[in-house]
Amino acid sequence: MLCYLFFVFLLFNEAFAAKHAKPVVQWQTLSGDAPLVIARGGYSGLFPDSSQFAYQFALSTSLSDVVLFCDLQLTKDGAGFCHSGLQLDNSTTISQAFPKGQKTYPVNGEDVTGWFAIDYVSKVLFDKVSLIQGIFSRPSVFDNSQSMMRVEDVVAVQPPLFWLNVEYANFYKQHKLDIAEYTLGLSNQMPIDFISSPEINFLKGLSGKVNARNTRLIFKFLEADKTEPSTKKTYSSLLKDLSMIKSFSSGILVPKEYIWPVGKDLYLEPGTTLVLDAHKLGLEVYAYGFANDAPASYNYSYDPSTEYLQFVDNSDFSVDGVLTDFPSTASQAVACLAHNKKNIPPPIKDKPLIISHNGASGVYAGCTDLAYQQAVNDGADIIDCSVQMTKDGVAFCLDSADISQTTTAMTSFMSHSTVIPEIQKDNGIYSFDLTWAEIQSLKPSQTRLPSSGLSRNPAMQNAGKLMTLPEFLDFAKNSSVPGILISIENAAYLASKQGLDIVNTVISNLTAASYDQQTLQQVYIQSDDTSVLEEFKSVSTYKRVLMIKESISDAPKPSVTEIKQFADAVNLPRSSLVAYSDFFLSGFTPVAKEMFAANISVFVSVLRNEFMALAFDYFSDPTVEVATYVLGLGLDGVVTEYPATASSYMRSPCFYSDADMPYTILAAQPGSLLQLAPPDALPPAQPPAPVLQPADVDDPPLPPVVKNSNNDPAHPSPPASSPPNHASLVTATSSLSFFIVFFSFMYLHF
């Protein structure tokens, strides 16, 4: 245990080593100070709720004034400890320790069944019961290694601010335990900065007895239709009488939906005036219910920082604090990402490129006019077109030659479904079997994160229109992006089997748009085929990118030398740059350094915001993943379906190494979390990916283009109108049982 705590101490020092004086910013909170970050049970999004690791990790990864939040519970002999909720069976081992201990008690008018602390004396609970993760989509490797923490133990870690939440006062009173007297005694022995409760009589009983200058009393609102036990009124009705709440408290703690309601369709509804109304009365407003791995609204595009900013950095108000399971994300939103919307950062030499993947395909259907415009709006440096060919020779942008998943082709052209082993092992409907007119009759379709089932922006599922390559080039030339990336695949098959010359079609379209004669926009030509890249060698202004789709663990010098003959850069899956052990990062591979040594730029693909695509080391936060690749590995570019997330980070002052900021967004340290887990809980070691061999790089020459009667030469592709330092995380597959549990969890959250 001591070595674990020492490692947490190292993390604490690393996190705060670069922190300096906080810049003065005027916030729209009641006090004008920055909103507080309140860690519910510590860092409960990663470690068991209210555990020693959770509280210490919250201190080490959050703002320096982070508030540690303790849900107070009492044992049979009146000892206080921190634990979220009355029932212990979901987040401790009590049901194994006492299999016959299940009881049913009336709690605020409802019968509740489970294991309760009031049935056990403190010595038994603290000696025989361990904490476990209560949400099954979160890591379980830290289970059974820590005991429940007494309130005194939490205060002993010396939090900057401490918040005690007291619920079920009536329940404890029925069992001859006076939690009000216990709380008053605590406040006389130790600093308690906040005391909250959803019971009015409890707070009124403390009013005048605690030092109001040192301790703020906060009324906690529960769900709107629940009944407050003292007044027998619903919380929704109490919300209409804030002046009465003000008579015994200095603030309110409310579900975040009280402020920004979310409709049944999971889109934001118009905000309420609650914060403004409360501030007019002098009441502080704290919001709860934040968790990176519980998607709240499609409006946030699965970026939890965007949700925090909705509450602290909108044009009308800011809440006074947020209660969260992931305090580091809330910290970066407050310290780094807020108040940057109008900031135009100074140019940085060799700034990492933000490269779109089919445009902003996390927001709109990929490769549509809407997706490309969104990518430009969101700050992409490079917008991309994966070129596909139609039966009549029209080049257009779409992620894959198989259009069955990215369009509505399944409803109209199912008879064209076939297997083409040279392209993929599964059935598909291919663009080169349809004319451009037939493809134009289809609607684009937004894809989902593979294997997750999570929708992205269902209201715009089929919005937008596909673009021909000339249309894409024209759009790019008239936009503000510094460059474009043209991706070419299946060139050999198209030439030899379909009579389609995709390479020369791209060359002629680029030439027609004068991209071979201009330097305002950088052109990247990407392919997984070195023979394709060789065809573009004659245009010196083009940069060539070799896409290596398969995961590799090493790239020896002969292989890198072979790459250097054909490419200026490589595009690698995430798993080729970071090694994984289950859902944890275990280490950086040497691949990036080996490429840099040969002056080959490195891009990583594909980054996605959905928390299921992220290793636990990223804290379910896509910004941390971006920081890991550009700060931890020094990559030259990130290929992402959500350019706004990368842009928000790189536009923030925390991106600059010399910034004088109170907080910094750190890169993940592979292996650090695994070192905190007991050895017997570690996931089994996984074999390394293959080593890249020179033979894997060099491809045979492109075959000649065969004549094909299916092609109509009268309808060629329409003519065009006149940055830091230095590839698909194959998302770690989980077992079927994990997904069953995950979707049960999602159902409960939604």
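User: Which residues are buried in α13?
Analyst: Heads-up: this is a predicted model, where local features need pLDDT of at least 70, side-chain atom pairs count only at pLDDT 80 or more, and totals for chains, interfaces and linings use all residues. Helices (H or I, at least four residues) and strands (E, at least two) are DSSP runs, numbered from the N terminus, and buried means under 20% relative accessible area, with exposed over 50% and partly exposed in between (1.4 Å probe, protein chains only). Helix α13 spans residues 327-337 and is mostly covered, with 11 of its 11 residues buried. Those are Pro327, Ser328, Thr329, Ala330, Ser331, Gln332, Ala333, Val334, Ala335, Cys336 and Leu337.

User: What covers the buried residues of α13?
Analyst: Residues are numbered from 1 along each chain as its sequence is written, and side-chain values use heavy atoms, leaving out hydrogens and water. Contact means heavy atoms within 4.5 Å. On that basis, the cover of α13 includes β1 (36-40), α2 (52-61), α12 (304-312), β11 (321-324), α23 and α24.

User: Which residue just after α13 takes a positive phi?
Analyst: Most residues other than glycine have a negative phi, and most peptide bonds are trans. Just past the end of α13, a positive phi of about 60° turns up at His339.

User: At what angle do the axes of α23 and α24 cross?
Analyst: Axes are lines fitted to C-alpha atoms, for helices over the stretch in contact, and angles run from 0 to 180 degrees between N-to-C directions. The axes of helix α23 (residues 622-632) and α24 come within 9 Å, and they cross at roughly 65°.

User: How many residues in the contact of α23 with α24 are nonpolar?
Analyst: From α23, the contact takes in Pro622, Thr623, Val626, Ala627, Val630 and Leu631, which meet Thr645, Ala646, Tyr649 and Met650 of α24. For the classes, Ala, Val, Leu, Ile, Met, Phe, Trp, Tyr, Cys and Pro count as nonpolar, Asp, Glu, Lys and Arg as charged, and the others, Gly among them, as polar. In the contact of α23 with α24, none are charged, two are polar and the nonpolar ones number eight.

User: Is the crossing of α17 and α19 right-handed or left-handed?
Analyst: The axes of α17 and helix α19 (residues 502-512) come within 10 Å and cross at roughly 35°. The contact uses Leu469, Pro470 and Leu473 of α17 along with Val506, Asn509 and Leu510 of α19. By class, that contact of α17 with α19 has five nonpolar, one polar and no charged residues. A crossing is left-handed if the near helix is turned anticlockwise from the far one by less than a right angle, and right-handed if clockwise; the way α17 passes α19 is right-handed.

User: What do the buried residues of α14 pack against?
Analyst: Helix α14 (residues 369-377) has Ala371, Tyr372, Gln374, Ala375 and Val376 as its buried residues. Just after α14, Gly379 takes a positive phi of about 100°. The packing partners of α14's buried residues are β12 (353-356), β13 (382-389), β14 (395-397), α17 (469-477) and α24 (643-651).

User: Which residue in β8 is the bridge partner of Ser196?
Analyst: Two strands pair if DSSP finds at least two bridges between them. Strand β7 (residues 194-197) is joined to β8 by four bridges, and the two run parallel. β8 itself (residues 216-220) is mostly covered, with four of its five residues buried. Across from Ser196, the bridge partner in β8 is Ile218.

User: Which residue in β9 stands opposite Lys220?
Analyst: β8 also pairs with strand β9 (residues 251-255), in the parallel sense and over three bridges. Opposite Lys220, the β9 residue is Leu253.

User: Why does Ser50 count as buried?
Analyst: Ser50 sits in the loop between β1 and α2. Its phi is positive, about 60°, although Ser50 is not a glycine. Ser50 counts as buried because its relative accessibility is 1%.

User: What is the relative accessible area of Ser301?
Analyst: Ser301 lies in the loop between β10 (284-290) and α12. Ser301 is not a glycine either, yet has a positive phi of about 50°. Ser301 is buried because its relative accessible area is 19%.

User: What is the omega of the cis peptide bond that joins Ser605 and Val606?
Analyst: Val606 lies in strand β23 (residues 601-607). The bond joining Ser605 and Val606 is cis, with an omega of about -5°.
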